[in-house]
Amino acid sequence: SKNTKDRLDYWKNSKRLEHGSLIALWYEPQTLQRPAASQVRQQGPHAAVAAAADSGGLAPKLIFATVVNRDARKLAGLNVQEVDSVGTGGVSSEGGVSRMQGVGRSKLGISLCHPGRDSELLVQACLGRARFQGAQEVVLIQASNTYASSAPILKALQQLPTLPMAQFLVPGHAPPGLFTNIPVPAYLADNTAFIDFSSICNKARVQAQPRGHQMLARLSHMQVRGINKETLMQDLMACTTLDKPQAAALIAGMTQEFSLIQGPPGTGKTYVGILLMKLLVAKNFGGPIMTVTQTNHVVDSLLEGCLDANIASKPGEMIRVGGRSKSARLEPYNLNNLRESAGGSAVAKCKQAKTEAAASIEDKLSQMKRANADKLHWGDIKPLLELDAPELAASLDNRKQDLSVLKDSGWQVTGSRASKATAAAARAGDVLNHWREGDPVSDWRMQQEVAAELERQRVKEERRQWAELN
């Protein structure tokens, strides 16, 4: 939008480029040859590398950074001037822009992820002295709004000697034909391994089938070696409530090292996940099962489904990590509750000691507040300071003169809580309380106000003398 107010309103209400977001700056050298469409179809993500090789070694580059300073006014292209202590809010009630001049480029404060490697190129581009080695344009890409919360996990993954399942998750690491022939999980690597699907069968549906007992016998001892997935799918659809896509997803999840199951809401993804956990528990492969979801609601639904399916019958067999669960059924399985119950009386004693310590601290704070109410005044301490610290006494006495100047001129110090305490001390003429309760910012402002008031008084006196002479 060309309207200044519309741009400002957009950036104030937008969640784009929020503080902590991960961004990338993409640029291409002018001489870089873009890969042809046929080359992209044949080589996939390697097409850009091949095109770079044909261009003499030049390749598209990315500079990663995080947003550290986001000002909606600067993103709107406004030239923001320094705002005074009162503040104007940027836009007046009539919609006009106040204390801002001109409209320019949008500005965003970022922190480079690799400053030593990328800072020189970025600075040169910002100064306009270089175009990223001849690049025609630089494109800003927002990668994630939740990078700040996931950054510790990503940094921990970087410390691992090897990344689990990198061949599936990291682009360029997959060997040829991997996704057309995904290997079986480690717990099924034995040629004699089998899966017992009978634990998820519906008794009534089995009895309703003409050859239900034969199906159940096959499902209870399904050999992994030479498995016929089409026959297995038909048996599962007949003996369970699974439809064809759900049965295919369940088979993939049990017989493949890596599976991706996706679908719109209500298609049974959570239900298939519960059945997978039930089969894995029945298989007893000897390891824990970790379930990670994007929201607390989903993990609650999943674990409640595990309770309904009798996958876990007592606390300790299933643990819910995190304190934002809204399910009363999962309270006994919450990690914090399990930790407290495991500690027994020792944990209870620690909690009691914590409560008593907090009460003692509150009592000490109350005593300090009562003692602070009976403050010494300048007249009480000035004689002692003049004997033991005459320079400090003189400094405080000079400050009392400053306070008098403000008090006599009708000035009033306003602002934060500390400034209000300063104003109260100024009105009372109590230099000691003013010194104890003041803060550097308010003191500096008061000095400026005192200097301005003295200058006004000097000019006023000069004008009076000039008027008398004339």
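Hi everyone, let's start with Met-165, which counts as partly exposed at 32% relative accessibility. Buried here stands for under 20% relative accessible area, exposed for over 50%, and partly exposed for what lies in between, with a 1.4 Å probe and protein chains only.

Please keep in mind that this is a predicted model: local features need pLDDT of at least 70, side-chain atom pairs count only at pLDDT 80 or more, and totals for chains, interfaces and linings use all residues. Residues are numbered from 1 along each chain as its sequence is written, and side-chain values use heavy atoms, leaving out hydrogens and water.

Back to Met-165: its phi is near 55 degrees, a positive value in a residue other than glycine. You'll find Met-165 in the loop between helix H6 (147–158) and H7; helices (H or I, at least four residues) and strands (E, at least two) are DSSP runs, numbered from the N terminus. Leu-17 is another non-glycine residue with a positive phi, of about 55 degrees. Leu-17 sits in the loop between helix H1 (4–13) and strand S1 (22–27), and at 8% relative accessibility Leu-17 counts as buried.

Now the rings. How many aromatic pairs are there by the rule used here? The count comes to two. The ring centres of Tyr-10 and Trp-11 are 5.2 Å apart with planes at 80 degrees, so this pair is edge-to-face. The rule takes rings of Phe, Tyr and Trp (its six-membered ring) with centres within 6.5 Å, and calls planes under 30 degrees apart stacked, over 60 edge-to-face and the rest tilted. Tyr-10 is partly exposed at 40%, whereas Trp-11 is buried at 13%.

The rings of Phe-168 and Phe-258 have centres 4.7 Å apart and planes at 5 degrees, so that pair is stacked. This pair links distant parts of the chain, 90 residues apart: Phe-168 is in helix H7 (residues 166–169), and Phe-258 is in the loop between helix H11 (244–255) and H12. Phe-168 counts as buried, at 9% relative accessibility.

One more ring: Lys-283 lies over the face of Phe-194, at 5.0 Å from the ring centre. For that, NZ of Lys or CZ of Arg must be within 6 Å of the ring centre and within 35 degrees of the ring normal.

On to helix H13 (residues 296–308), whose 13 residues reach 18 Å from first C-alpha to last, close to the 18 Å expected at 1.5 Å a residue. That expected span is 1.5 Å times one less than the number of residues. Which residues of H13 are buried? They are Val-299, Asp-300, Leu-302, Leu-303, Gly-305, Cys-306 and Leu-307. In an α-helix there are 3.6 residues a turn, so residues three or four places apart point the same way. Helix H12 (269–283) is included in what covers the buried residues of H13. After H13 comes Asn-310, with a positive phi near 60 degrees.

Leaving aside residues up to four places away in sequence, Thr-66 touches several residues, including Ser-21, Gly-109, Cys-113 and Tyr-147; contact means heavy atoms within 4.5 Å.

Finally, the whole chain. It has 20 helices and eight strands, and of its 470 residues, 27% count as buried. Among contacts between residues at least 6 apart in sequence, 61% join residues at least 24 apart.
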